[in-house]
Amino acid sequence: MTAATRPPALTATIHPTSPRFGGSGVLQQISVLSGRSLRVLREPAMVLPGVLEPILMLTVFSQVFKSVSQTAAFPAGVSYIDYLLPAFLVTSSISAGLKSGVALTTEMNNGIISRFKAMPIHTGSVLVGRSIADTALNVVNLLVMLVAAALIFGYGPAGGVLGSLSAALVSVVLGWSLGWLFMALSAWLRRPESLQPIGGMLNMVLLFASNAFVPADGLPGWLRVVAEVNPMSYAITAARDLALGHPDLGTILATLASCLVLVLITAPLAIRSFRRAT
């Protein structure tokens, strides 16, 4: 082979090593995942039931138990709707917390979490994003309830707008903290059909064994004892006192502190159980 026909020497082309993509930051992940969960607002068929259900229940209970306002144990000068609505703010927030757990188990079973697992996403970002989105939805639901109660039922407590918004804020914090509890349970149970009956039963028992509909002094002896140790009663009392214009700082701080302690305990458990489940 002559020099003229000899093939040119192959020159190795060296490409710089592409940096490995490590994913976006945690805050951006939380923002994107929260926005993804909030897209439910674009679907009225999924939003309206959650908004209308507490209003319909408020309509029924405000009429069924209206005569309670005529008993000796009922606070003087307070209409029954002003007494009842803060309790519904609390119970609706508890239901919102339960929905966080049910939604998480649904996503764990429909494959979306498996897709997240294949991405460089921090495990906690999924749960924090879910918590923020559901809390935002709960805020919308409570505001709609307050406006509807004022327009339809004449709700106008002595605490005014500020007292009502403060009561809603306490309820939102409660729902946020219970959302972490239910997400921890959902990561452990991994089945929505198991979590929903447990949460629904717990909510119902705590609701009727509390001071939500009737003052604790007007309950039978044994039920009054249960209501006085029922944690829901303390949250309802804190929200109700704010709405009626005579807040008890001790009760409010105890309720908020309990919510914070609950989150500090259940959030790590939820993240750990969720990491193992996925």
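## The second largest cavity

In this predicted model, the second largest cavity has a volume of about 50 Å³. Its lining consists of Leu 33, Arg 36, Ser 37, Glu 107, Phe 116, Val 126, Gly 129 and Arg 130. H1 and H5 are the elements that give two or more residues to this lining. By class, the lining of the second largest cavity has three nonpolar, two polar and three charged residues. Arg 36, Glu 107 and Arg 130 are among the lining residues.

## The largest cavity

The structure holds two cavities of 30 Å³ or more. The largest has a volume of about 70 Å³. H3, H5 and H6 each supply at least two residues of its lining. H5 gives the most, with four residues.

The lining of the largest cavity is made up of Ala 96, Gly 97, Ser 100, Ser 131, Asp 134, Thr 135, Asn 138, Gly 175, Trp 176 and Gly 179. These residues divide into two nonpolar, seven polar and one charged.

H3 covers residues 80–110, and H6 covers residues 160–189. Their axes come within 7 Å and cross at roughly 30°. Angles under 35 degrees count as roughly parallel. H3 and H6 are therefore roughly parallel to each other. H3 passes H6 in a right-handed crossing. By class, the contact of H3 with H6 has 14 nonpolar, 10 polar and no charged residues.

The axes of H3 and H5 come within 9 Å and cross at roughly 150°. Angles over 145 degrees count as roughly antiparallel. H3 and H5 are therefore roughly antiparallel to each other. The crossing of H3 past H5 is right-handed.

## Helix H5

H5 spans residues 123–152. The helix has 30 residues and reaches 44 Å from its first C-alpha to its last. That is close to the 44 Å expected at 1.5 Å a residue. Just after H5, Gly 154 takes a positive phi of about 75°.

H5 also takes part in several linings. It gives two or more residues to the second largest cavity. It supplies at least two residues to the lining of the largest pocket.

## The largest pocket

The largest pocket has a volume of about 1,200 Å³. Its lining holds 38 residues. Met 46, Gly 50, Ser 95, Ala 96 and Lys 99 lie nearest the centre. Ala 96 also lines the largest cavity.

Five helices each supply at least two lining residues: H1 (26–38), H2 (44–64), H3, H5 and H7 (192–208). H3 gives the most to this lining, with 12 residues. By class, the lining of the largest pocket has 18 nonpolar, 11 polar and nine charged residues.

## The second largest pocket

About 370 Å³ of space lies in the second largest pocket. It is lined by 19 residues. Leu 174, Leu 178, Leu 206, Pro 231 and Met 232 lie nearest its centre. The elements giving two or more residues to the lining are H6, H7, H9 (231–244) and H10 (249–277).

H10 gives the most to this lining, with six residues. The lining residues of the second largest pocket divide into 14 nonpolar, five polar and no charged.

How values were computed:
Residues are numbered from 1 along each chain as its sequence is written. This is a predicted model: local features need pLDDT of at least 70, side-chain atom pairs count only at pLDDT 80 or more; totals for chains, interfaces and linings use all residues. Side-chain values use heavy atoms; hydrogens and water are left out. Axes are lines fitted to C-alpha atoms, for helices over the stretch in contact, and angles run from 0 to 180 degrees between N-to-C directions. Angles under 35 degrees count as roughly parallel, over 145 as roughly antiparallel, 65 to 115 as roughly perpendicular and the rest as oblique. A crossing is left-handed if the near helix is turned anticlockwise from the far one by less than a right angle, and right-handed if clockwise. Ala, Val, Leu, Ile, Met, Phe, Trp, Tyr, Cys and Pro count as nonpolar, Asp, Glu, Lys and Arg as charged, and the others, Gly among them, as polar. On a 1 Å grid over the protein atoms alone, a cavity is a set of points where a 1.4 Å probe fits but cannot get out, and a pocket is an open set with protein on both sides within 12 Å along at least five of seven lines; lining residues have an atom within 4 Å of a point. Grid points are joined across faces, edges and corners, and a volume is the space filled by probe spheres set on the points. The expected span of a helix is 1.5 Å times one less than its number of residues.
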